[in-house]
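Reader: I am new to protein models and would like to learn how to read one feature by feature. Could you take me through this one slowly?

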Amino acid sequence: MNLACAWLLKDGHAHHHGTDSHDSHHHHHDLNLRSAYLHVMTDAATSLLAIVALFGGKWWGASWLDPVMGIVGAGLVSAWAYGLLRDTGRVLLDAEMAAPVVAEIHDAIKSAPVEAAISDLHVWRVGKGSYACILSLVVDETVAPDDIKRYLGVHKELAHVTVELNQVRG
């Protein structure tokens, strides 16, 4: 049953096991689906380990296999849980500032038709390949927040943008 559930959930699983490569930022999947996938996979793996321990104890008298397989299963669950905690922690602690979309925002503001300087920027993941941002700009001329939002709208991964403008009176 666990393997059937894992097969159904497989598309929600992010394929980066302990690597923090640039490519992994482009392929983050929904963390809820990933945690469900990891749950059923660890359940299947620990069940398999328990079966191995059961048969090993019955056929070869290796009663020591049960606690060893329990420790192996705990290690497996811990390793997968660590990766999931690391990734969810990045979202919860506003640590997505290394995502490529941040550089795209900086580049877009530099090339904007209005001279603006970023005074504060927060970016966080809100879904599969989707980010929200709060952008605070210092501008010399009058510009509407919606103009900046439209300019950033070419970046489809920005699902929600909040713009604050601080005009410098000269």
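Author: Let us begin with an idea that we need for the sheet: two strands count as paired if DSSP finds at least two bridges between them. Please keep in mind throughout that this is a predicted model.

Reader: Which residue is the bridge partner of His122 in β2?

Author: The partner of His122 is Ile134, which lies in β2. This bridge belongs to the pairing of β1 with β2 (residues 130–139), which runs in the antiparallel sense over ten bridges.

Reader: What is the order of the strands in the open sheet?

Author: The three strands of this open sheet follow the order β1-β2-β3, and their pairing is mixed. Because β1 (116–127) and β3 (158–167) each have a single partner strand, they stand at the edges, and one side of each is left without a neighbour in the sheet. On average, and with direction ignored, neighbouring strands here are turned by 10 degrees against each other.

Reader: Which strands does helix α4 touch where it packs on the sheet?

Author: Helix α4 (residues 100–110) touches β1, β2 and β3, and its direction makes about 150 degrees with that of β1. Helix α5 (residues 145–152) also packs on the sheet, where it touches β2 and β3, and its direction makes about 140 degrees with that of β3.

Reader: How should I read the packing of α1 and α2, and at what angle do they pack?

Author: In general, two packed helices are described by the angle between their axes and the distance between the axes. Here helix α1 (residues 2–9) and helix α2 (residues 31–60) pack at about 155 degrees, with their axes 9 Å apart. Angles over 145 degrees count as roughly antiparallel, and α1 and α2 are therefore roughly antiparallel to each other. Their crossing is left-handed. The residues in contact include Leu3 and Leu9 of α1 and Val40 and Met41 of α2, and by class the contact has ten nonpolar, two polar and one charged residues.

Reader: At what angle do α2 and α3 pack?

Author: They pack at about 170 degrees, with their axes 8 Å apart, which makes α2 roughly antiparallel to α3. By class, this contact has 15 nonpolar, seven polar and three charged residues.

Reader: How many salt bridges does the structure hold?

Author: As a general idea, side chains of opposite charge can pair when their charged atoms come close. This structure holds three salt bridges. One of them joins Asp87 and Arg34, with the closest N and O atoms 2.4 Å apart. The pair links distant parts of the chain, since Asp87 lies in helix α3 (residues 65–92) and Arg34 in helix α2, 53 residues apart.

Note on methods. Residues are numbered from 1 along each chain as its sequence is written. This is a predicted model: local features need pLDDT of at least 70, side-chain atom pairs count only at pLDDT 80 or more; totals for chains, interfaces and linings use all residues. Side-chain values use heavy atoms; hydrogens and water are left out. Helices (H or I, at least four residues) and strands (E, at least two) are DSSP runs, numbered from the N terminus. Axes are lines fitted to C-alpha atoms, for helices over the stretch in contact, and angles run from 0 to 180 degrees between N-to-C directions. Contact means heavy atoms within 4.5 Å. Angles under 35 degrees count as roughly parallel, over 145 as roughly antiparallel, 65 to 115 as roughly perpendicular and the rest as oblique. A crossing is left-handed if the near helix is turned anticlockwise from the far one by less than a right angle, and right-handed if clockwise. Ala, Val, Leu, Ile, Met, Phe, Trp, Tyr, Cys and Pro count as nonpolar, Asp, Glu, Lys and Arg as charged, and the others, Gly among them, as polar. A salt bridge is a side-chain nitrogen of Lys or Arg within 4 Å of a carboxyl oxygen of Asp or Glu.
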